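Here are my notes on the model, as numbered points. Please read them with the structure open.

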Amino acid sequence: MIPRALIRQPGALVVVDWSYLVRNAWEVGGTSKTASIVIGRFVRLMSDPMPESIVIAVDPRRELADGSTVRGWTFRDRATAQLDEPLRYKAGRPPEPAEFAAISKRLLDVVRAHRIPILEPANAAMDQDYEADDAAAASVRLARNEGRAVALVARDKDWLQCVDTECVDAPPV
């Protein structure tokens, strides 16, 4: 769990990688147990001592004509679009099962109902440029510039570039 000393610091911020949290629960519990695993982890995360500030970083999604959603298009996708398939951004990753996206969306509704702030980079045209990683890094930088301690709940190697003596990589919840 997040170090108690960090949580007790005034203004401490906890940034949660939503993709990590839900994907890890999906891998452990599949369709039938993902929701209960994520909710259980949130209960642990929000329990004593409760962080003063917490945000959930979420990758933007685009809704397709059939009602399904896909990951938003980013500047990384555009920068690598001309490359051969194996070299493109996020190439080789298996597609998300439809059930995964639906469960993730319903769980985000629970998070919103509890008024936990959600960082979801977006622009008016929905021609998305940024990911949750980018929003998280910006939040960490802003918090650190204000002298706040930060804990990251993530396992994405992109997030690790934010870690320093005042921004810790929290153990998995």
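1. Glu146 is exposed, at 58% relative accessibility; the classes here are buried under 20% relative accessible area, exposed over 50% and partly exposed in between, with a 1.4 Å probe and protein chains only. Glu146 forms a salt bridge with Arg148, where the closest N and O atoms are 3.4 Å apart. A salt bridge means a side-chain nitrogen of Lys or Arg within 4 Å of a carboxyl oxygen of Asp or Glu.

2. This is a predicted model, in which local features need pLDDT of at least 70 and side-chain atom pairs count only at pLDDT 80 or more, while totals for chains, interfaces and linings use all residues. Residues are numbered from 1 along each chain as its sequence is written, and side-chain values use heavy atoms, with hydrogens and water left out.

3. The structure holds 4 salt bridges. Asp109, Arg112 and Glu120 are linked in a network of them. The closest N and O atoms are 3.7 Å apart between Arg112 and Asp109, and 3.8 Å apart between Glu120 and Arg112. Arg112 and Asp109 both lie in helix H4, 3 residues apart, or about one turn of the helix. Helices (H or I, at least four residues) and strands (E, at least two) are DSSP runs numbered from the N terminus.

4. How exposed are the members of this network? Arg112 is partly exposed, with a relative accessible area of 41%. Asp109 is partly exposed at 39%, and Glu120 is partly exposed at 35%.

5. A search of the whole structure finds 2 aromatic pairs. Rings of Phe, Tyr and Trp (its six-membered ring) pair if their centres lie within 6.5 Å; planes under 30 degrees apart count as stacked, over 60 as edge-to-face and the rest as tilted. Trp18 and Phe42 have ring centres 6.2 Å apart and planes at 45 degrees, so this pair is tilted. Trp18 is buried at 3% relative accessibility, and Phe42 is buried at 9%.

6. For Trp26 and Phe100 the ring centres are 5.5 Å apart and the planes lie at 90 degrees, so the pair is edge-to-face. This pair links distant parts of the chain, with Trp26 in helix H2 (residues 18-46) and Phe100 in helix H4 (residues 98-113), 74 residues apart. Both Trp26 and Phe100 are buried.

7. Strand E1 (residues 13-17) is mostly covered, with 5 of its 5 residues buried. Leu13, Val15 and Asp17 point one way from E1, and Val14 and Val16 point the other way.
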